Amino acid sequence: MNSLISRILRSCLLVIVSSATTAVFALPTNVTVTPPDSARFFVGQKFDLRVEGKGTGPFLATIMIDGVPQTFTSGTQNSTFTDGITSPGFGGFNLRGYSNSQPGVHTIVATFTDASGTVSVTSKFKINLGVDSVGRERSDDRDEGKKVRNIIIMLGDGMGVAHRTAARLVKYGVTAGDPNGYLAMDQFPGTGMITTHSLNSIITDSAPGMSSYTTGSHAKNGQEGVYPANMIDPFFYPRVEYLSEYLHRTLGKSLGLVTTADVEDATPAANAVHTGDRNRGTGISDQYLDESDAANTRNFGTGLAVLMGGGRRWFLPAVQFGSSRSAASDYAALPADLVSAWRIPATAAGGADPNRDLLQDFKNAGFGYVDTATGLSSVGTPDKLLGLFGYGNMNVALDKLAKRRNTLLPGTTSFAVDDYHAPDQPMLDEMTDVALRVLNKNQKGFVLMVEGAHIDKQSHLMDADRVIDETIEFDNAVAAARRFADKAGDTLIIIVSDHECAGFSLIGALTGGIDNLKNLPADNATLDPNVQPERQKVVGVYDAAGFPKYTIAADGYPQTFDINGKILIGYGANADRYEGWLTKPLPVRDSLLPSAIKTELATKGYPGQPIERSENQFGYYIRGQAAGKEQAVHTASDIPISAYSSGSRSYEHFFGMQQNTDVFFKLLKLAVGNDREDRGR
Ligand SMILES: [Zn+2]
């Protein structure tokens with residue numbers, strides 16, 4: 001918060017109006033106006049304004065936009081805990097559901113008054129029509145009047161350049177410097193670079209990472225679809241309208257969300273759920289349905305028609321096995337002015353309900369339901385579809401494939417998917433195919449977000465083979481999306497990441513052979529710099545790396561990663577670990593699982609952190625740089641974007657350098673085209 005406030009203080013004109021007898025330090029402090037200075041919005045995009053400050057009540061506030069006084073829709077007049085203030089002494093005033101259709105820069109002047117005096121804050125926001133933040137006016141004259149009907153956002157979580165390179169090298173290999181083949185995402189014609197920063201840090205987490213693409217605004221780490229505020233309930237924070245909500249309201253489009261993570265996780269939620277706390281799984285899952293506009297009024301909501309991934313734990317009443325529902329991770333009934341301004345029906349306003357049978361409520365709202373790959377393959381084409389294939393995060397490709405191949409990984413005695421209570425899970429491309437079939441029933445079009453979640457999660461855990469298999473799985477989903485785009489037409493696909501994870505790096509390849517590696521004596525775990533670990537000696541760099549060649553099985557994935565000359569991965573943003581270079585038998589047990597299953601996994605020997613891995617007795621110790629962290633961390637590296645479009649050259653908008661929030665304006669501009677008649681409902 002401090003960095004946000006200092007940014008606002010730096011960038012805003014502060015006018016202090018106070019009686020001469022009042023000491024300056026007694027004036028209200030922490031006075032801010034939301035949205036943050038220099039926020040950008042698409043024409044007509046809804047957002048909430050809030051003026052808050054800290055002092056001695058009663059409080060008063062005023063707000064003007066372009067010199068015109070506005071009326072707050074709610075606020076507190078004192079310094080107690082009314083209006084959901086977390087910290088004693090804060091007061092806040094809200095103007096909910098504002099929008100502006102006049103392109104250009106607009107000025108907010110707000111005042112905040114307590115018993116000691118008044119502080120005035122000025123800030124600006126911009127109504128944007130497709131000019132990117134690097135200053136280039138993007139023209140789509142070539143496609144005058146042409147609209148993109150369907151938008152598919154393929155998000156490889158944590159996927160940087162090296163993740164893509166590793167997947168390509170493993171799947172296709174290289175001969176005398178020439179790649180033997182290219183990934184589906186390599187074959188997209190529009191490629192650019194994206195900065196990934198959040199509102200309060202150069203290094204983002206997945207919540208602002210995704211929501212920058214879906215709101216056009218930066219958010220604070222851990223927050224999605226809202227601006228920061230001092231309020232008790234994070235679901236009450238000032239909202240900003242999502243891409244999905246704008247396109248559902250104005251053009252009647254649907255939303256689909258497909259992920260290999262728990263569906264409550266930040267990336268899927270940052271397309272549809274407004275919360276200042278990404279960890280509130282009960283409320284997040286409830287809001288998916290409650291603000292889906294199941295009755296298709298187009299007054300509000302996302303038009304959610306497909307939701308697939310893990311996370312069944314949030315859909316089961318708290319008393320049932322595998323449930324994680326609780327009042328603590330839910331939200332109280334939304335404030336009346338928020339409900340009114342965002343045109344949310346009273347029945348969708350929420351309220352803590354840990355014993356809700358959310359699964360049944362989805363079915364009652366018209367969603368078909370499947371919980372296995374087998375069920376998914378025979379589901380047909382329902383109008384809406386909920387697929388929950390695990391209790392928490394789904395398993396990674398490597399562990400799903402072991403079960404499908406009916407071949408235990410070396411060093412294991414059971415299949416991870418069985419131990420996770422989710423023996424029959426679909427691959428991401430299978431989920432993507434069905435999602436596209438269902439969404440395509442809406443002739444008005446759709447937004448689909450597909451997330452390869454474990455590219456990030458396994459990078460955090462420094463489990464290279466699981467990362468690379470997962471990236472190949474993600475690329476298969478990209479291929480599925482492209483097949484759809486070519487058939488359906490008028491479809492734009494972008495491939496992005498929210499941030500890079502772990503400083504993932506291809507450092508070389510194994511020398512001396514895999515059998516030699518397996519038989520090396522135990523490494524000395526001391527940190528004596530004069531003793532070179534055996535497993536460092538086998539890292540072949542430069543010429544010694546040569547051209548690794550993997551055998552690809554009939555299912556399209558490597559038969560095994562443990563080959564002679566296997567690619568070795570290092571991590572520039574690493575945590576402490578023992579590295580043995582062999583495929584790790586058991587995945588680190590997932591943090592997003594019901595506690596009952598986590599306990600079972602612990603007793604079965606699944607490690608809780610990378611440093612606890614069972615093969616550590618023959619790995620060598622590598623000291624991480626991420627201070628105080630048990631896992632590798634996100635980095636501030638730019639990430640690549642690749643774009644493809646059928647029926648137009650919309651992909652050309654994504655060339656060059658851009659920031660993450662620019663992508664939102666490009667997507668919306670392409671979706672609404674030049675036809676203003678569809679706007680402004
Ligand atoms: Zn991450």
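## Basis

Local features in this predicted model need pLDDT of at least 70 and side-chain atom pairs count only at pLDDT 80 or more, while totals for chains, interfaces and linings use all residues. Residues are numbered from 1 along each chain as its sequence is written, and side-chain values use heavy atoms, with hydrogens and water left out.

## Zinc site

Asp456 (OD), Asp456 (OD), His460 (NE2) and His634 (NE2) are the protein donors of the zinc ion, at 2.0 to 2.4 Å. Donors are N, O and S atoms within 2.8 Å of the metal (3.2 Å for Na, K and Ca); water is not among the atoms, so sites may look incomplete. Along the chain, the donor spacing is D-x3-H-x173-H.

Histidine 460 belongs to helix 13 (residues 454-460) and histidine 634 to strand 27 (residues 634-635), so the pair ties together parts that are 174 residues apart in sequence. Helices (H or I, at least four residues) and strands (E, at least two) are DSSP runs, numbered from the N terminus. Both histidine 460 and histidine 634 are buried, that is, under 20% relative accessible area (1.4 Å probe, protein chains only).

## Helices 2 and 14

The axes of helix 2 (residues 161-172) and helix 14 (residues 464-488) are 9 Å apart, at an angle of about 85°. Axes are lines fitted to C-alpha atoms, for helices over the stretch in contact, and angles run from 0 to 180 degrees between N-to-C directions. Helix 2 is therefore roughly perpendicular to helix 14 (65 to 115 degrees).

## Helix 10

Six of the eight residues of helix 10 (residues 397-404) are buried, so this helix is largely enclosed by the rest of the structure.

Note on methods:
Buried < 20%, exposed > 50% of the residue type's maximum accessible area, 1.4 Å probe, protein only. Parallel < 35°, antiparallel > 145°, perpendicular 65-115°, else oblique.
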